[in-house]
Amino acid sequence: MSMLRNLNKVERRTLTAAFLGWAIDALDYMVFTFVLTTVMVVMGISQGQAGLLATVTLLFSAIGGWLAGILADRFGRVRVLQITILAFSICTVLIGFTQSYPQIFVLRALQGLGFGGEWAVGSVLIGEMVRARMRGRAVGIVQSGWAIGWGAAAVLYTLSFTIFEPELAWRVMFWFGAIPAVLVFFIRRYVPEPEVFTASVQRTGRKGSDFLKIFAPGILHTTVLASLMCIGIQGGYYAITTWLPAFLTKSRGLTVIGTGGYLAVIIAGSFVGYLIGSWLTDRLGRKANVLIFAVLAGIIVVPYTQLDLSNSVMLVLGFPLGFAASGVFSSLGSFLTELFPTRIRGSAQGFCYNFGRGIGALFPAFVGFLGDRMGLATAIPIFAGGAYLVAVLAALALPETRGRELAP
């Protein structure tokens, strides 16, 4: 890719560190989705308890993202990024040694703190380090690391459960969470603080500022709109990805949904969506990318829920589903980076994205409650479509930031 060749050495190393960090976080996070059934049997927990394990991670990731953003404004992006990666890695490994549901619950919550913090700080770091004309593509490439980590988790699942008995295999998968710790040594050696951040510190004479300034009169409008955009994007994503597999399997009787082939198509679509979205972000603008993919994601859920589709057709449609639902995320990092001044950028970006994640995590519950009354075929498009509509309206109200240079 020509963009990668145009990056200087520091930009390329930062991109590598952020990409690997997000990919490995995805691997560690998605491991849980693969082993959940086994954990339920081994630990003797109910579906409700299993659902809480997923919810608590997302909710605490929202808290972790905001806290990490605040700390990044005060102590530096690189230092806090290392702490979040280590915290996430340690908690993941420890889950593999747990003996009870409460132990898993606590560690999943702590894991969420590091998970949310890694994205918040990593996206600020890459956004500040890369020049404006390539920032969208760089942040989008980092975002595509999620699909790589997801695919790696699928491969790891296959290998672990082939080599070991299920009672041990699920623990082995969590023990692979030690891998991110190696990345910390790379970051410490090769990734410096962004010049725009150090210049801001030198100009103001101190690190960071009062994080409550993201709610100051001159900033509040942007904070609210950016948070609504993040709620819409993530609420729509969670509403679709949480309930569509169950709906298609139970209500439509499709068998392809649970196969590795369908998962591979979804992951491939996600990866391509991230890359195309990153290109569009620099080519057409941050707002345009959000609008295009949010509309596509809102539309594509309709045939999934309203048409009686065969297994073969559903297998093919997995690609556009992954493409649309993931591509909308490509512009978020650069958009949020450019919307806020350096002195509060970490706090603002951490809050907006993770507030959106916290509220968005409630959408699967909303779909479930309405689905009990009206059926999932009605509930899924209502909440997914409504969420993406919120994202579109919020994005339209925000200024376009493509090409904006970051000032200290």
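1. Glutamate 11 lies in helix α2, where helices are DSSP runs of H or I of at least four residues, numbered from the N terminus. At 2% relative accessibility, glutamate 11 is buried; buried means under 20% relative accessible area, exposed over 50%, and partly exposed in between, with a 1.4 Å probe and protein chains only. Not counting residues up to four places away in sequence, glutamate 11 touches Asn6, Met129, Val130, Arg131 and Met134. A contact is taken as heavy atoms within 4.5 Å.

2. On the basis of these values: the model is predicted, local features need pLDDT of at least 70, side-chain atom pairs count only at pLDDT 80 or more, and totals for chains, interfaces and linings use all residues. Residues are numbered from 1 along each chain as its sequence is written, and side-chain values use heavy atoms, with hydrogens and water left out.

3. The largest nonpolar core has 101 residues, and Trp146 and Met229 have the most contacts inside it. Helix α10 (residues 217-250) gives the most to this core, with 14 residues. Apart from this core lies another, of 14 residues, which includes Ala17, Val78, Leu81 and Ile85. A nonpolar core is a set of buried Ala, Val, Leu, Ile, Met, Phe, Trp, Tyr and Cys residues joined through side-chain atoms within 4.5 Å.

4. Which residues does methionine 229 contact, leaving aside its neighbours within four places in sequence? They are Val290, Leu332, Phe335, Ala391, Ala394, Ala395 and Leu398. Of these, Leu332 and Phe335 are buried residues of α14.

5. Helix α5 (residues 101-129) and α6 cross at roughly 155°, and their axes come within 9 Å. Axes are lines fitted to C-alpha atoms, for helices over the stretch in contact, and angles run from 0 to 180 degrees between N-to-C directions. α5 and α6 are therefore roughly antiparallel to each other; angles under 35 degrees count as roughly parallel, over 145 as roughly antiparallel, 65 to 115 as roughly perpendicular and the rest as oblique. The crossing of α5 with α6 is right-handed. A crossing is right-handed if the near helix is turned clockwise from the far one by less than a right angle, and left-handed if anticlockwise.

6. In that pair, Phe115, Trp119, Ile126 and Gly127 of α5 meet Arg135, Ala138, Val139, Val142, Gln143 and Trp146 of α6. By class, the contact of α5 with α6 has 7 nonpolar, 2 polar and 1 charged residues. Ala, Val, Leu, Ile, Met, Phe, Trp, Tyr, Cys and Pro count as nonpolar, Asp, Glu, Lys and Arg as charged, and the others, Gly among them, as polar.

7. Helix α7 (residues 166-175) has as its buried residues Ala169, Trp170, Arg171, Val172, Met173 and Phe174. The cover over the buried residues of α7 includes α2 (9-43), α4 (77-95) and α6 (132-163).

8. Helix α12 (residues 286-306) packs against helix α13 (residues 311-327) at an angle of about 150°, with the axes 8 Å apart. α12 and α13 are therefore roughly antiparallel to each other, and their crossing is left-handed. From α12, Asn289, Phe293, Leu296, Ala297, Ile300 and Tyr304 meet Met314, Leu317, Gly318, Pro320, Leu321, Phe323, Ala324, Ala325 and Gly327 of α13. The residues of this contact between α12 and α13 divide into 12 nonpolar, 3 polar and no charged.

9. Valine 316 and tyrosine 262 are 54 residues apart in sequence, and their C-alpha atoms are 8.3 Å apart in space.

10. Helix α14 (residues 332-339) is largely enclosed by the rest of the structure, because 8 of its 8 residues are buried. α14 packs on helix α15 (residues 345-360) at an angle of about 135°, with their axes 9 Å apart. That angle makes α14 oblique to α15, and the crossing of α14 and α15 is right-handed. Leu332, Gly333, Leu336 and Thr337 of α14 meet Arg345, Gln349, Cys352 and Tyr353 of α15; the residues of this contact divide into 4 nonpolar, 3 polar and 1 charged.

11. Isoleucine 179 is placed in helix α8 (residues 179-190). With a relative accessible area of 41%, isoleucine 179 is partly exposed.

Notes:
Helix = DSSP H or I, 4+ residues; strand = E, 2+ residues; numbered from the N terminus.
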